[in-house]
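Colleague: I am new to this model. Please show me how to read it, feature by feature.

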Amino acid sequence: MATIYEVSKAAGVSLATVSRVMNGNVRVSERTRDKVLKAMTELGYKPNAIAQSLASNCSNSVGLLVSALHGSFFGDMMSTVENVLRKAGKHVVITAGHSDEEKEKQAIEFLLDRRCDALILHAEAVSDEYLLELAKGDAQIILINRKIDAISERCFYTDNELGGYLATKAALDAGHKDIAYISGPLFKSDAKERLAGHQSALAEANIAFNDALLVEGGYHEAEGAQGLEQLYRTKHKFSALICANDEMASGAMTAARELGIAIPEQLSIIGFDNVLFARYLYPKLTTIDNPIRLMGEAAAHWVLAHVYQQRGVAEPRNLFAPSLVARDSLVSAP
């Protein structure tokens with residue numbers, strides 16, 4: 001195998017110049033860069049990525065922590081981040097934290113051990129204090145779907161409370177007054193914020209929040225189905241159901257059919273996220289668009305601009321507004 005010394009000799013340049021070409025240093029002229037690249041090709045030289053990262057303190061890799069490796073929401077986030085960074089010549093190392101504090105910490109340590117230049121984190125269980133301490137380290141920390149005031153410039157998030165409000169306001173505007181709600185796990189900030197938005201819309205309409213019409217779910221289809229069954233066992237009447245994500249809405253729709261409940265004639269259902277399958281459910285799901293792709297793009301562009309100092313990258317915005325996507329699962333109250 002050819003060595004860097006042989007490349008420098010064949011190109012007629014110094015070892016330092018070859019190193020600068022390998023690391024993408026802008027202080028190398030195009031003519032010199034072409035000579036070095038030609039020599040590398042002719043000699044079949046392949047740089048050792050680990051040695052490069054140790055020498056340059058840059059691995060050209062970005063760590064990405066997600067809560068789960070399945071589901072449309074995280075699939076959209078992973079594919080968007082990877083696509084933006086891959087186009088810029090960077091690679092993404094992905095791991096999952098499963099919304100568990102210890103597992104999230106282990107996953108973050110795994111990414112740090114891989115010498116990632118930056119970490120994009122969808123972290124739900126670790127504390128703000130842990131993340132702030134982490135942000136003092138060498139690797140840049142970027143958060144998705146979470147805001148910490150002290151590092152707000154590197155946080156990319158949606159207004160979850162507004163999203164919860166818009167979902168319930170849509171049901172109210174359709175004449176529904178008895179509205180049930182299946183939340184996400186209430187230890188998660190986004191779940192709490194969406195529920196707060198739901199309660200705010202009810203209060204604005206002078207409708208008292210009924211604890212009996214609230215079920216805490218877990219953002220999965222099975223919990224949506226179980227939640228609907230639990231709500232119907234209470235014997236409290238409701239003509240609309242708000243689910244804190246589309247997966248639970250899908251599960252609730254399946255359970256409703258099994259109970260002989262016609263959707264939307266007898267029960268209107270609204271989800272949250274606007275994942276791909278929402279438009280293919282029957283009836284098509286009315287939902288809240290949660291722009292996770294835009295958040296993923298913003299986080300990746302921040303890394304390119306602030307970690308890799310790439311020019312021409314627009315400064316991304318941090319806060320993203322949710323919006324109602326009206327489809328067929330919401331109709332006027334019977």
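Modeller: Begin with handedness. A crossover is right-handed if, with the strands pointing away from the viewer, the path from the first strand over the helix to the second runs clockwise. Helices (H or I, at least four residues) and strands (E, at least two) are DSSP runs, numbered from the N terminus. Here strand 8, helix 11 (residues 246-258) and strand 9 form a right-handed β-α-β unit.

Colleague: What should I know about the source of the model and its numbering?

Modeller: The model is predicted: local features need pLDDT of at least 70, side-chain atom pairs count only at pLDDT 80 or more, and totals for chains, interfaces and linings use all residues. Residues are numbered from 1 along each chain as its sequence is written, and side-chain values use heavy atoms, with hydrogens and water left out.

Colleague: How many helices and strands are in the chain?

Modeller: The chain has 12 helices and 12 strands. Its C-alpha trace spans about 85 × 40 × 30 Å along the principal axes.

Colleague: Which strands pair with strand 8?

Modeller: Two strands pair if DSSP finds at least two bridges between them. Strand 6 (residues 179-183) pairs with strand 8 in the parallel sense, over 4 bridges. There Ala-180 stands opposite Leu-241. Strand 9 (residues 268-270) also pairs with strand 8 in the parallel sense, over 3 bridges. In that pairing, Ser-268 stands opposite Ala-240.

Colleague: Which way do the residues of strand 8 point, and are they buried or exposed?

Modeller: Buried means under 20% relative accessible area, exposed over 50%, partly exposed in between (1.4 Å probe, protein chains only). In strand 8 (residues 240-243), Ala-240 and Ile-242 point one way. Leu-241 and Cys-243 point the other way, and all are buried. Across the chain, buried residues make up 50% of the 334 residues.

Colleague: Which residues have the most contacts inside the largest nonpolar core?

Modeller: A nonpolar core is a set of buried Ala, Val, Leu, Ile, Met, Phe, Trp, Tyr and Cys residues joined through side-chain atoms within 4.5 Å. The largest one has 44 residues, and Leu-228, Leu-241 and Ile-269 have the most contacts inside it. Elements giving two or more residues to this core include strand 6, strand 8 and strand 9. Helix 11 gives the most, with 6 residues. Apart from this core lies another, of 30 residues, among them Leu-64 and Met-295.

Colleague: What is Leu-228 in contact with?

Modeller: Contact means heavy atoms within 4.5 Å. Leaving aside neighbours within four places in sequence, the partners of Leu-228 include Ile-182, Phe-238, Leu-241 and Ala-252.

Colleague: Where is Thr-168 found, and what does its side chain make a polar contact with?

Modeller: A polar contact is a pair of N or O atoms within 3.5 Å; within protein, one must be able to donate a hydrogen and the other to accept it, and residues adjacent in sequence count only if both atoms are side-chain atoms. Thr-168 sits in helix 8. Its relative accessible area is 0%, so Thr-168 is buried. Its side chain makes a polar contact with the side chain of His-198 (2.6 Å).

Colleague: How many aromatic pairs does the structure hold?

Modeller: Rings of Phe, Tyr and Trp (its six-membered ring) pair if their centres lie within 6.5 Å; planes under 30 degrees apart count as stacked, over 60 as edge-to-face and the rest as tilted. The structure holds 2 such pairs. The rings of Phe-73 and Phe-74 have centres 5.1 Å apart and planes at 85°, so this pair is edge-to-face. The rings of Tyr-232 and Phe-238 have centres 4.9 Å apart and planes at 65°, so that pair is edge-to-face. Tyr-232 counts as partly exposed because its relative accessibility is 30%. Phe-238, at 8%, counts as buried.
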